[in-house]
Amino acid sequence: MDSIGSRWLALRTRWLRVVRFSEVSVMLLWAIPTGLLGALATEVFRTALFELDRQVLGQGGSLVAIAQHLQPWQRVLVPTIGGLLAGSLLVLAAARGRAQPKTASDYMEATVLGDGRIPVQTSLIRSGASLLSIASGGSIGREGSMVQLSALSASLLGRVLHLPVDRLRLLVACGAAAGITAAYNAPIAGAFFVAEVVLGTVAMESLGPIMVASVVANIAMRSFAGYQAPYVMPQFPAVTGIEVLLFALLGLLVGGASAVFLRGLDTSRKLFQRTGLPLPLRLGLGGLVVGLVSVGWPQVWGNGYSVVNSVLHSPWPIALLLVLLVAKAVATMATVGSGAVGGVFTPALFFGCLLGDSFGQAVHWFWPQANSAPFAYAIVGMGAFLAGATQAPLMAILMIFEMTLSYEVMLPLMVACVIAYFVARSANAGSMYDITLRRLAQRDEQQRLRTLHVRDLVQPTQTVVHPETGLEAMGQLFLQYPVKYLYVTDAQAHYLGVVPLKKLSPAAGMVDLQHTCAADVLDGEIKPLTADMTLTEALQRFIEHQGERLPVIESLATPRFLGVVHKTALLNTYVQLSA
């Protein structure tokens, strides 16, 4: 019996050693229910949007189709009332947010800057406001609220499980990826959107759970009755030879257009803020602009799914495409600028599609022998505009590839997306997401810090004496400044050494106190830094010195005293480099 027990104990020990769960393994397991919850939250929002339109406007489905069946005065009235109601809810959400503890209401902030805790009441009220804006024809995407609700469900799950902050943040990122996946039927792009845009890293420790959540959300969404992918892509033609250069030219055009679009959004926000109107009236004004535009072009309502699918499968006159581009831009800037809650991701795909199709028609007008139909340029234009607007080219490439499931799209798509990304970035137009702007600014700052030398951190100091400086004057400096050393320089400001405080103490045994000067107690124990020394070399010297500051000279050949470098400033620079 003892032998059997010993064998069982040994077997159990080996089993636990083999199946011992690491932190990554645990997060992979929790990513599964997170993906399910994300898909469920997305489907709830989609169903609520459909039912709201069906109950209030008499029909559900495409907002463009709804707008086309309404009278012109109704097209103006519905977005205006929707904006007023949505603005009222946002005022309530702001009041709730002030009453609650300080938490990040946006899932990106909660993941990157916060502790992963997303406030429930504020998020739900803001999602309700988004529902009203979208259902009443606001020119924004529904994916923003879908992802927010998915991230909220993940945050609640993590709080129930009492996960530590780092794991809770990662779980919220998994929820966001599940929401993107459920909204666009693109699990790979959903995972890389969160990794590239939100987290700024594709490390496997974080990407693994995110991909699991995306896959689970995609499988769950496909099981819901009536689900269909938002975009139905035609078969992409093979692109060879000189036509690749045309797609590169498309990347230049779309990259510039995305920069103009981003600047337009920023200008629109500023203009609405300058009105000084209360938030409900601001959103009502934005809805009024959308309504007035939709009198002539009802296609500006909603996120534009139906328009994009129509352009991809049937020819549209180029004049209509260009006019609709302008009309949709005005409607989107009015909706977003007024403060409506929603996504700009889908409108970006809309603009890329219409720009690409217009470019493709122009190509065929000038070069009738071109192989690629205009819809091919429209598909690539969608990815290129997204790459420029989000500053996330990898995610944009993967998203279009998943939508088309065609290898032929990759070559022109990669060329156009990369070019559009660099064009938009060189224009300094920013990004659709504030977190991307912060990360780009942080990266630029880190690049600047890596080029620093000791001379860039030099600070002036008052604790400098000459060789003939007397004991009384040195004592006054030690009393005035909390330092352990005075720096000694000659008439040409050349560094000679230091006067240590310990040498002026009674225990030092100085006999002639009246005639003691700095030259009598000069010490060479402190080796100065040179101005061209790297920060790594300076840090090593601080480790050896174990003091707060070190003197700096121009060079060993020219020992002109420049000032001091503080260890605190050096360490702060290293902290910024590692952030």
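Visitor: Into which classes do the residues of the lining of the second largest pocket divide?

Guide: They divide into ten nonpolar, ten polar and four charged residues. Ala, Val, Leu, Ile, Met, Phe, Trp, Tyr, Cys and Pro count as nonpolar, Asp, Glu, Lys and Arg as charged, and the others, Gly among them, as polar. This is a predicted model, in which local features need pLDDT of at least 70 and side-chain atom pairs count only at pLDDT 80 or more, while totals for chains, interfaces and linings use all residues. Residues are numbered from 1 along each chain as its sequence is written, and side-chain values use heavy atoms, with hydrogens and water left out.

Visitor: What makes a space a pocket, and what makes it a cavity?

Guide: On a 1 Å grid over the protein atoms alone, a pocket is an open set of points with protein on both sides within 12 Å along at least five of seven lines, whereas in a cavity a 1.4 Å probe fits but cannot get out. The second largest pocket holds about 640 Å³ of space; a volume is what probe spheres set on the points fill, with points joined across faces, edges and corners.

Visitor: Which residues line the second largest pocket closest to its centre?

Guide: R46, G61, R142, Q228 and Y305 are the closest, out of 24 lining residues. A residue counts as lining if it has an atom within 4 Å of a point. Two or more residues come from each of α2 (23-57), α3 (63-69) and α13 (305-313), and α2 gives the most, with six. Helices (H or I, at least four residues) and strands (E, at least two) are DSSP runs, numbered from the N terminus.

Visitor: How many cavities of 30 Å³ or more does the structure hold?

Guide: There is one cavity of that volume, and the largest cavity has about 90 Å³. Its lining has 15 residues, with S133, G138, L283, G287 and T335 nearest the centre. Helix α12 gives the most, four residues. By class, the lining of this cavity has five nonpolar, ten polar and no charged residues.

Visitor: Why are β1 and β3 called edges?

Guide: The open sheet has the order β1-β2-β3, with mixed pairing. β1 (464-465) and β3 (495-500) each have a single partner strand, so one side of each lacks a neighbour in the sheet. Two strands pair if DSSP finds at least two bridges between them. β2 (residues 485-489) and β3 have five bridges, in the antiparallel sense, which meets that rule. Within this pair, L486 stands opposite V499 in β3.

Visitor: What is the order of β4, β5 and β6 in their sheet?

Guide: The order is β4-β5-β6, in an open sheet with mixed pairing. Five bridges join β5 (residues 549-553) to β6, and the two run antiparallel. L550 stands opposite V565 in β6.

Visitor: How do you know where confidence is lowest?

Guide: pLDDT is the predictor's confidence in each residue, from 0 to 100. The mean is lowest in helix α5 (residues 107-112), at 52, and highest in α14, at 94. Over residues 101-105 pLDDT stays under 50. Where pLDDT is low, the predicted coordinates should not be read in detail.

Notes: Contact means heavy atoms within 4.5 Å.
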